[in-house]
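Hi,

Here is the structure I promised to pass on. Have a look at it first, and my notes come after.

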Amino acid sequence: MEETENRRQTCCFTGHRPEKLQVPESLIVEKLDLAIQTAICNGYRTFISGMAKGVDIWAAEQVLSFRKCNPQLTLVCAIPYPGYERRWDQKWKTRFQDIIQTANAVHYISQKASYRVYQARNVWMVDHSSLVISVYNGSKGGTQNTLAYAKKQPGCAIEVLTFP
């Protein structure tokens, strides 16, 4: 019962990396901000970020910002494996580290890197959520796969944020 209730109040994020979006970060964050506010108004209290560069990190930062005024909010970082961010530039590494240090929980999907661990992370996030907020431009990849999986899950709502 408790797990079902928790899922009902849990939202996860999926979306492209910045280079695939070709939209300024500020525009995406603005739409994420509104989508997260709406989710909170609808009773969502737990948010899961897959912690990839771009949408995942921007969404996590927004949740942490809202948590300052609403300590009932929880951020869970679903990270593919330890050291996932190792090859990123310093700017993204710093943002990643700042988030996981202040998140309520960090969940590693695997102890080692593999091609399959990314989709396993996405499945784990959807399986623990009843709402998926996505920034999706129609291109192939992990975001498309995550949305396809979420569409097959009973009781899972999807909100897709699009940009012209």
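This is a predicted model: local features need pLDDT of at least 70, side-chain atom pairs count only at pLDDT 80 or more; totals for chains, interfaces and linings use all residues.

Residues are numbered from 1 along each chain as its sequence is written, and side-chain values use heavy atoms, with hydrogens and water left out.

Let's start with helix H3 (residues 25–41); helices here are DSSP runs of H or I with at least four residues, and strands are E runs of at least two, numbered from the N terminus. Its buried residues are Ile-28, Val-29, Leu-32, Asp-33, Ala-35, Ile-36, Ala-39 and Ile-40 (buried means under 20% relative accessible area, exposed over 50%, partly exposed in between, with a 1.4 Å probe and protein chains only). Their cover includes strands E1 (10–15), E2 (46–49), E5 (131–135) and E6 (157–161), along with helices H2 (18–21) and H4; contact means heavy atoms within 4.5 Å. Just after H3, Gly-43 has a positive phi of about 100 degrees.

Tyr-118 sits in helix H6 (residues 117–127). Beyond its neighbours within four places in sequence, Tyr-118 contacts Pro-80, Tyr-81 and Tyr-84. Gly-142 lies 24 residues from Tyr-118 in sequence, with 7.8 Å between their C-alpha atoms.

Happy to talk any of this over.

Best wishes

Definitions and conventions: The expected span of a helix is 1.5 Å times one less than its number of residues.
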